[in-house]
Each structure stands twice: as structure tokens, then as C-alpha cells.
Amino acid sequence: METKGKFIVIEGPDGAGKTTQAQKLCELFEQKRINYLYTREPGGTDVGNEIRKILLDFKGDINPITETILYSAARAQLIQEVIKPKLNAGVNVIADRYVFSSIVYQGLGLGVEENIVAEINKIATENLLPDYTFYLDLDIESSLGRITGKKDRIEQRGLEYFKKVKEGYISLSKKYPIITIDGNRSKEDVFKDIAGHMGLL
Ligand SMILES: Nc1ncnc2c1ncn2[C@@H]1O[C@H](COP(=O)(O)OP(=O)(O)OP(=O)(O)O)[C@@H](O)[C@H]1O
Ligand SMILES: Cc1cn([C@H]2C[C@H](O)[C@@H](COP(=O)(O)O)O2)c(=O)[nH]c1=O
């Protein structure tokens, strides 16, 4: 019988270093010849990539509920088309963001009721829960300072919005099985911490 793969999620504000750490985990899995797949949200499927364009590039207003549903729609497609089949085939999935991003960015950041975001996402994900959720915690000014280039629709939101995002992650980390990682260190030290928690060192 096939063993299910592990579902590993990396969370944190924009610029926290999620993609950097996800890539390091991919490299370690490659060295150790462990099967893996990397996904990012929103995206990872054809329809998800179209939804990503709307969410990050659309020039007009998007209502917070619409935004919540669009993120969860992209997620539903990713779960059904990619994540569930891969986990069932024994492949480890390394996900750059998951449901907690919606709870903090749309819920605590935009004021959509947390229960509503959670319920929509239960439907979208069929309540698939990660085996590990790592939250990269660092000063919001430091993480935003790492963003270079043209800012997308979400990144253009001001400092006050991103302070709510950070507070949101901290409050969720007290309620859910989230592993908080000090992201204010070198890329290598942050990674040692993540890999150590997974018993990979
Ligand atoms: N620990 C670190 N120390 C210093 N710089 C870092 C660290 N981790 C990542 N960076 C740099 O910060 C920038 C943003 O990193 P990265 O893309 O990994 O963040 P992210 O959380 O995935 O961002 P986003 O949510 O905006 O996609 C990159 O230039 C990266 O090289
Ligand atoms: C999944 C998810 C993401 N967001 C926001 C967070 C970022 O600003 C963008 C995604 O861009 P990235 O560079 O790939 O991190 O979308 C969100 O608001 N809600 C979500 O559920």
C-alpha cells in the first residue's frame, strides 16, 4: 500500500522568505532523493493562474468577499487537480501559502469574518489539513523592505494593513498547530530550524 506524502506549508507576510525556504527544502529533498512537489498560491493550475492575474493585477475594486472566494477558488482547483493526487501517490507537497493566508489577509486584514473565511475554505479544501505549518515571523518593516520591483495589488496595501497581517499570524499561531520560526536570521539559520523541526538534519 502507498504511504501518503506529507503536506508542508510555509506561511508569512510578503517578503518573509517563504519561497527562499521552500526552495531550500526542495533542494534538500532532491539531495536525499525524497519525492516532492512545490506549489504556490494562488496558482499552480491553469485556472488558478488566471485567477492569480485577477487577484494581483486587476486595476479596479474587488470586494473583500469576492477576493476571499477567488483565493479559495484557486485553492480548490489546486487541491483537486494537484495536491490531493500527489499526496495520495506518496509525494510530499511543499506549499508556499495555504488557508492561513486567507484568514489573515482577507479575514483579519480586510475585515471578513474569520468564521466565514474558514467555512469557505473548509469547502474549498475538503478540510485537508497540513502535516506541518511553518510561520516565518519577522518585523513587518523588514519583510516589506525585502520586496523589490513593481508592487502588485496586494503589496500596494499600506503598512497598517501589513501590521494587521502580522498580528493575524501571531494570533493564529496561538490557536492552531503552527510552528513559529524566527525569520529575522540568515537564510541558512532559518532553514536549519525548519529542517530540524522535520527531523531532516
Ligand atoms: N533570511 C533572509 N535574510 C535576508 N534576505 C532574505 C532572507 N530570506 C529571503 N531573503 C530575500 O528576501 C527577498 C524575498 O524573499 P522571498 O521571495 O523568499 O520571500 P516571500 O516570503 O516568498 O515573498 P512573497 O510573499 O512576496 O512572494 C528575496 O530577495 C530573498 O533573497
Ligand atoms: C494565498 C493567498 C495569498 N494572498 C496574497 C499574499 C500575496 O500578497 C499574494 C500572493 O503573492 P506571492 O508573491 O505568491 O506570495 O496574495 C492573500 O491575500 N490571500 C491568500 O489566501
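1. R33, which follows α1, has a positive phi, near 55°. Helices are DSSP runs of H or I of at least four residues, strands runs of E of at least two, both numbered from the N terminus.

2. The model is predicted: local features need pLDDT of at least 70, side-chain atom pairs count only at pLDDT 80 or more, and totals for chains, interfaces and linings use all residues. Residues are numbered from 1 along each chain as its sequence is written, while chains are lettered from A and ligands numbered from 1 in the order in which they are written.

3. α1 has 14 residues and spans 20 Å from its first C-alpha to its last, close to the expected 20 Å (1.5 Å times one less than the number of residues). K18, Q21, A22 and L25 are its buried residues (buried: 20 or more other C-beta atoms within 10 Å of the residue's own; exposed: 12 or fewer; partly exposed in between; C-beta atoms placed from the backbone). These buried residues fall within an arc of 100° seen down the axis of α1, so they line one face of the helix (the arc is that of the directions from the helix axis to the C-beta atoms).

4. On the other side of α1, E27, E30 and Q31 are exposed. The cover over the buried residues of α1 includes β1 (7-11), β2 (36-40), β3 (92-96), β4 (132-137) and α8 (contact: C-beta atoms, placed from the backbone, within 7 Å).

5. Around ligand 1 there are 13 residues, of which G17, K18, T19, T20 and R146 come nearest (near: C-beta atom, placed from the backbone, within 6 Å). Two or more residues of this shell come from each of α1 (18-31) and α8 (187-197); α1 gives the largest share, three residues.

6. By class, the shell of ligand 1 has three nonpolar, six polar and four charged residues (nonpolar: Ala, Val, Leu, Ile, Met, Phe, Trp, Tyr, Cys and Pro; charged: Asp, Glu, Lys and Arg; polar: the others, Gly among them). The shell of ligand 2 divides into four nonpolar, three polar and five charged.

7. The residues around ligand 2 include D14, R40, E41, Y71, R97 and E155. Helix α4 (residues 99-108) gives the most to this shell, with four residues.

8. Helix α2 (residues 46-57) has twelve residues and reaches 16 Å from first C-alpha to last, close to the 16 Å expected. G48, I51, R52 and L55 are buried in α2. They cover an arc of only 110° around the axis, which puts them on the same side of α2. Exposed D46, K53 and D57 sit on the face of α2 turned away from its buried side, and α3 (64-88) is included in what covers the buried residues.

Conventions:
Two residues are in contact if their C-beta atoms, placed from the backbone, lie within 7 Å.
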